[in-house]
Amino acid sequence: MKTIFAALAFSGLFWLALSAQTPIATSVDVAFEVASVRPNKSGALNSSTSGRGGSFTATNVTAHQLIIYAYRLRPFQLASGPRWIGSDRFDIQARPPENAKPDNPAMTRALLRDRFKLVAHTETKQDQVYALVLARGDGRVGPQLKPSTQNCAAAQPGTPSPCGMNTSTNDTTGRLVGTGQSMEQLAAALGGFGLNRMVLDRTGLTGSFDIELKWTPDNARTSSAQSNDAPSIFAALQEQLGLRLDSQRGPVEFLVVDSIERPTPD
């Protein structure tokens, strides 16, 4: 079946919808009505997903990527699985039942269980985490972290909310801009920027804030051709927001793959 969907690529932006301590999603409310899964033998490394109204298409994706998307994981939270889930690639086109509530991650979980025969369970273990804490002993915050004046709950139904968070990262610059965001939401967002650890809010700050953070990604800082005008994300947090990341141990939930099979093409 051939359908064109609005683009929604796998990216760090996915984590902005998550709380820093959101449990791994496991429930399945509805499955795709029709789903086609075929191997992709192109040899390409790029992958993409797109969706509209609950429909879903994925091009050149691995089972590893699908599991992370479907269960709302950060990559390090997928604790096991055979090697092929990170190397074999697939093209998927799927359509939900008519009038079904759009929930592509939940329906993708059903697809993994039905077509890939995925069996998995969650385990919580003590692991290395980052605690987001105040950098100054006097409790003052940085110039780019300001109490928000936006009333996020006042948005009328059907109208865009003035509150939210946007990020952009490329080979030279990372930028995060948030309006009306809590510290827990900031911590969740930071966990998606290659830190490879869960970030937990331990600031003690309550309420909502307007945030602007700019940094240079690690790969750009190691390039001799890059001017590196912006600091690392660790330094940027202290200089711009008055916060820092403190290495600690804490509870982290992992998804453990018990079994999974290559799907039969259709």
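Is Phe116 buried or exposed, and what is its relative accessible area? The points below answer this and then go through the aromatic rings of the structure.

1. Phe116 is buried, because its relative accessible area is 0% and buried means under 20%. This value, like the others in this note, comes from a predicted model.

2. The ring of Phe116 is paired with the ring of Phe90 in an edge-to-face arrangement, with 5.3 Å centre to centre and 85° between the planes. Phe90 belongs to strand β4 (residues 89-95), while Phe116 is in the loop between α2 (104-115) and β5 (119-134), so the contact ties together parts that are 26 residues apart in sequence. Phe90 also counts as buried, because its relative accessibility is 4%.

3. Across the whole structure, a search finds five aromatic pairs. One of them joins Phe56 and Tyr69, and this pair is stacked: the centres are 5.6 Å apart and the angle between the planes is 10°. Phe56 is part of strand β3 (residues 55-62) and Tyr69 is part of helix α1 (residues 63-70), so this pair ties together parts that are 13 residues apart in sequence. Both Phe56 and Tyr69 are buried.

4. Phe56 and Tyr69 also belong to one aromatic cluster, together with Phe32.

5. The charged end of Arg197 sits over the ring of Tyr130, 4.4 Å from the ring centre. For Lys125, the charged end sits over the ring of Phe254, at 5.9 Å from the centre of that ring.

How values were computed
Residues are numbered from 1 along each chain as its sequence is written. This is a predicted model: local features need pLDDT of at least 70, side-chain atom pairs count only at pLDDT 80 or more; totals for chains, interfaces and linings use all residues. Side-chain values use heavy atoms; hydrogens and water are left out. Rings of Phe, Tyr and Trp (its six-membered ring) pair if their centres lie within 6.5 Å; planes under 30 degrees apart count as stacked, over 60 as edge-to-face and the rest as tilted. Helices (H or I, at least four residues) and strands (E, at least two) are DSSP runs, numbered from the N terminus. Buried means under 20% relative accessible area, exposed over 50%, partly exposed in between (1.4 Å probe, protein chains only). A charge sits over a ring if NZ of Lys or CZ of Arg is within 6 Å of the ring centre and within 35 degrees of the ring normal.
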